[in-house]
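User: I'd like a close look at one part of this model, with the rest kept as background. Here it is.

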Amino acid sequence: MGIEIADEVYRLLEQFPTEEKFGLVSQISRSSVSIPSNIAEGSAMTDQSFNHYVNIALGSSFELVTQLIIAEKKELYKRTKFK
């Protein structure tokens, strides 16, 4: 699911103006990639470490939602239904 989120986010970012390339686009893309990356990294660890990485991924998901809300309020994209 995390990879699908990142994929959908990258499609969404194509709508953003180029002047946001180093602003919200950068932040949003990093947050979306961080979710599956931390889960993947944690899957190679012990159960306790895995929980830590899952918590980091969860934090990245909250960052992503916040950044998307900010972008929506700035009217950088139109809200559509995700797959």
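What should the 19 residues of helix 2 (residues 24-42) span at 1.5 Å a residue, and how far apart are its end C-alpha atoms?

Analyst: Quick ground rules: this is a predicted model, where local features need pLDDT of at least 70 and side-chain atom pairs count only at 80 or more, while totals for chains, interfaces and linings use all residues. Numbering runs from 1 along each chain as its sequence is written, and side-chain values use heavy atoms, without hydrogens or water.

On to your helix. Helix 2 should span 27 Å, and its end C-alpha atoms are 27 Å apart, so the two agree. The expected span is 1.5 Å times one less than the number of residues, and helices here are DSSP runs of H or I, at least four residues, numbered from the N terminus.

Buried means under 20% relative accessible area with a 1.4 Å probe, protein chains only.

As for the background, the protein chain has three helices and zero strands, and 34% of its 83 residues count as buried. Among contacts between residues at least 6 apart in sequence, 63% join residues at least 24 apart.

Terms used
Helices (H or I, at least four residues) and strands (E, at least two) are DSSP runs, numbered from the N terminus. Buried means under 20% relative accessible area, exposed over 50%, partly exposed in between (1.4 Å probe, protein chains only). Contact means heavy atoms within 4.5 Å.
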